Each structure stands twice: as C-alpha cells, then as structure tokens.
Amino acid sequence: MNRQFHAKVSFGSYVLLAAMLSVAIYLIWQTAYLTKQWCGILITADLLIMVIIIERIINTTYTVTHDNRLVIHNGRFSKDIILSLDDINRIDRINSMRIGGKALRTTLVIVMNDKTEHYIYPRNEEDFVQFLIKRKNKTKDYDDED
C-alpha cells in the first residue's frame with residue numbers, strides 16, 4: 001500500500017509570491033511610462049513564474065510505495081526523484097532560524113549510502129520518519145526470513 005505525505009509550505013514561499021505579485025501589479029501600473037512590448041513580456045514572465053511556484057507548492061508530495069521506494073514529486077514541471085529505502089543511510093533534521101529557542105523551519109535531510117543528500121519538507125515530520133523506519137525494518141525482516 002502506498003502512503004503519501006504532503007509538503008509543508010514555508011513562510012518564504014508566501015513572501016516570494018507576494019513580491020512577484022507586487023512586481024506584476026507595478027508593471028501593469030507603469031505600462032504608460034515603459035515600452036509596452038517589454039512591459040508585456042515582463043508581466044507575462046512574472047506571472048508564469050508565479051504559476052510555476054504555486055503549482056510546486058500545491059503538488060509537492062512524498063510517496064512511499066509498496067515496493068519500498070520513496071518518490072519525491074515536486075510538481076508537474078520537475079522530474080520525480082525515486083529513492084530506494086534500502087539505500088537510505090540516515091535521516092537528519094536541521095532546524096534553521098531559531099527565535100526564542102524555537103525553530104522557525106525544520107528540514108529533513110535524507111542521506112543515501114553514496115553520500116548524496118535530498119532535502120525534504122514533509123508536513124508531519126514525525127509520522128513520515130516513523131513510517132520510513134517501520135517500512136525499512138519490515139523489509140529487513142522479510143530479507144532475514146529468506
């Protein structure tokens with residue numbers, strides 16, 4: 001059975017979207033003073049980047065499949081990353097930007113056996129890590145019986 005975890009949205013993503021929207025509104029407002037062709041191209045590019053960011057925010061998921069693979073899906077515009085649970089060496093938690101002893105953002109780092117690192121942001125980190133450990137241990141139990 002597949003289990004899917006969604007990514008949490010960071011405050012920085014909202015700030016980036018607000019900044020991009022502000023730029024688009026400013027360019028629309030200033031079309032009379034700027035060259036209309038260039039202004040239209042810049043507005044279109046800005047809005048396309050916003051669509052890509054929103055799509056990535058909404059559709060980022062982490063799926064643990066029944067054949068013991070972790071599929072990191074970062075939206076329709078990027079390629080899926082498929083990791084084998086057997087190749088995971090460890091999972092580290094990084095707390096960044098602490099205020100008053102509380103971390104504003106936590107990141108999970110999946111370190112593979114070949115020393116590559118994958119940074120993920122699941123919404124419910126504890127459940128995600130516990131499920132990965134449980135699934136990986138279940139695989140080891142089946143391998144030991146053979």
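**Notebook: salt bridges**

I began with Lys-8 and found that it forms a salt bridge with Glu-125, where the closest N and O atoms are 2.8 Å apart. I then looked up where the two partners sit, and they link distant parts of the chain, 117 residues apart. Lys-8 is in the loop between strand 1 (3-6) and helix 1 (11-29), while Glu-125 is in helix 3 (residues 125-145). A reminder to myself: this is a predicted model.

Next I asked myself: is Glu-125 buried or exposed? Glu-125 is buried, because its relative accessible area of 10% falls under the 20% cut-off.

I stayed with Glu-125 and looked for another partner. The side chain of Glu-125 also meets that of Arg-93 in a salt bridge, at 3.0 Å from N to O. Arg-93 lies in strand 5 (residues 88-99) and Glu-125 in helix 3, so this pair ties together parts that are 32 residues apart in sequence. I noted Arg-93 as partly exposed, with a relative accessible area of 39%.

Which residues do salt bridges with shared partners join into one network? I wrote down Lys-8, Arg-93, Glu-125 and Glu-126.

Then I turned to another pair. Arg-69 forms a salt bridge with Asp-67, and here the closest N and O atoms are 3.9 Å apart. That still counts, because the cut-off is within 4 Å. Both residues are partly exposed: Arg-69 at 37% relative accessibility and Asp-67 at 44%.

Last, I looked up the total: the structure holds six salt bridges.

Conventions:
Residues numbered from 1 in each chain as written. Predicted model: local features only at pLDDT ≥ 70, side-chain atom pairs only at ≥ 80, totals over all residues. Heavy atoms only, no water. Helix = DSSP H or I, 4+ residues; strand = E, 2+ residues; numbered from the N terminus. Buried < 20%, exposed > 50% of the residue type's maximum accessible area, 1.4 Å probe, protein only.
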